[in-house]
Amino acid sequence: MTDNTANKVGLVDEIYETLRERICLLDYPPGCALRERTLAEEFRVSRTPIRAVLQRLEKDGLIVSHQGRGTTVTTVDLADLRDIYFMRVHLADAIAHSHPHTPKPDVIAELERLEQLAEAVRHKPNYRTFAQITIGLHKQVQSIIRNKALKEFSDQLFYQTARIWFLLLPDLNWSEELEDVLEELRTLRRQLAQGNVAVVGRIHSTYLSLVLSRLENAEQLDAISLETAE
């Protein structure tokens with residue numbers, strides 16, 4: 001791969017990560033139109049890399065292209081969340097059997113930073129911050145996954161569900177949700193600091209199971225979608 005090609009690939013990846021996070025933080029809410037020309041102007045690139053990014057986002061299920069009507073951000077059918085979380089629980093279990101990477105020192109440092117961020121909103125609910133914490137936690141878990149297929153599928157499923165917190169948190173117990181994520185962050189940090197990388201998947205699976213349990217008990221999910229969060 002030439003330096004020029006590598007630079008183009010890196011640029012596409014960077015724009016992709018930026019737009020994906022904007023979708024997950026509802027900076028681009030469901031139904032929002034994404035226009036190639038506007039994005040190309042913002043990132044100071046041609047439409048070609050923007051088109052490549054939008055194709056990846058559509059493959060992830062985060063946007064949809066309409067013939068003659070452009071591209072819009074998708075909604076999330078919350079009735080399907082239980083199935084997605086069920087798969088995420090089992091994917092997390094699989095991490096231990098995929099010969100995970102030894103974490104770099106900055107992974108432990110980032111987990112500690114996320115803990116501090118969570119502590120800062122313990123008594124003052126902030127749903128955007130909570131979403132940013134879960135995205136950060138996900139990235140650290142992803143960093144140790146060695147198996148490429150497992151890593152890609154895990155990433156795709158996470159971002160399909162990341163937007164739910166803006167809808168669900170107002171109806172959940174903030175203290176309980178925050179304590180759960182804090183406990184996971186602390187447990188993961190301690191285990192990684194001790195070199196117990198093989199248990200990361202099982203720990204993550206345990207906390208995902210708590211979310212799944214709450215989803216299974218939330219009967220109202222059968223009748224709502226993320227569109228109501230607009």
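## Rings and charges in a predicted model

A search of the whole structure finds 13 salt bridges. The model you are looking at is predicted, and it also holds 3 aromatic pairs. Here is a friendly tour of some of these contacts, with residue numbers you can look up in the structure above.

**Aromatic rings**

- A pair of aromatic rings is described by the distance of the centres and the angle of the planes.
- Among the 3 aromatic pairs is the one formed by Tyr127 and Trp174, which is tilted, with 5.9 Å from centre to centre and 55° between the planes.
- This pair links distant parts of the chain, since Tyr127 is in helix 6 (residues 127-142) and Trp174 is in helix 9 (residues 174-193), 47 residues apart.
- Tyr127 is partly exposed, at 29% relative accessible area, whereas Trp174 counts as buried, at 9%.
- Phe158 and Tyr159 have ring centres 4.9 Å apart and planes at 90°, so this pair is edge-to-face.
- Both Phe158 and Tyr159 are buried.
- Tyr127 and Trp174 also belong to one aromatic cluster with Phe130.

**Charges over rings**

- Arg20 places its charged end over the ring of Tyr159, 3.6 Å from the ring centre.
- Arg56 has its charged end over the ring of Tyr16, 3.8 Å from the centre of that ring.

- Arg113 and Glu110 join their side chains in a salt bridge of 2.8 Å, N to O.
- Arg113 is partly exposed, with a relative accessible area of 41%.

**Salt bridges between distant parts**

- Glu119 and Arg186 meet through their side chains in a salt bridge of 2.7 Å, N to O.
- Glu119 sits in helix 5 and Arg186 in helix 9, so to speak distant parts of the chain, 67 residues apart, are linked by this pair.
- Glu119 is partly exposed at 36% relative accessible area, and Arg186 counts as partly exposed at 22%.
- Glu179 and Arg122 form a salt bridge of 3.0 Å, N to O.
- Glu179 is in helix 9 and Arg122 is in the loop between helix 5 and helix 6, so their pairing ties together parts that are 57 residues apart in sequence.
- Glu179 counts as partly exposed at 26% relative accessibility, as does Arg122 at 23%.
- Through salt bridges that share partners, Glu119, Arg122, Glu179 and Arg186 are joined into one network.

Key. Residues are numbered from 1 along each chain as its sequence is written. This is a predicted model: local features need pLDDT of at least 70, side-chain atom pairs count only at pLDDT 80 or more; totals for chains, interfaces and linings use all residues. Side-chain values use heavy atoms; hydrogens and water are left out. Rings of Phe, Tyr and Trp (its six-membered ring) pair if their centres lie within 6.5 Å; planes under 30 degrees apart count as stacked, over 60 as edge-to-face and the rest as tilted. Helices (H or I, at least four residues) and strands (E, at least two) are DSSP runs, numbered from the N terminus. Buried means under 20% relative accessible area, exposed over 50%, partly exposed in between (1.4 Å probe, protein chains only). A charge sits over a ring if NZ of Lys or CZ of Arg is within 6 Å of the ring centre and within 35 degrees of the ring normal. A salt bridge is a side-chain nitrogen of Lys or Arg within 4 Å of a carboxyl oxygen of Asp or Glu.
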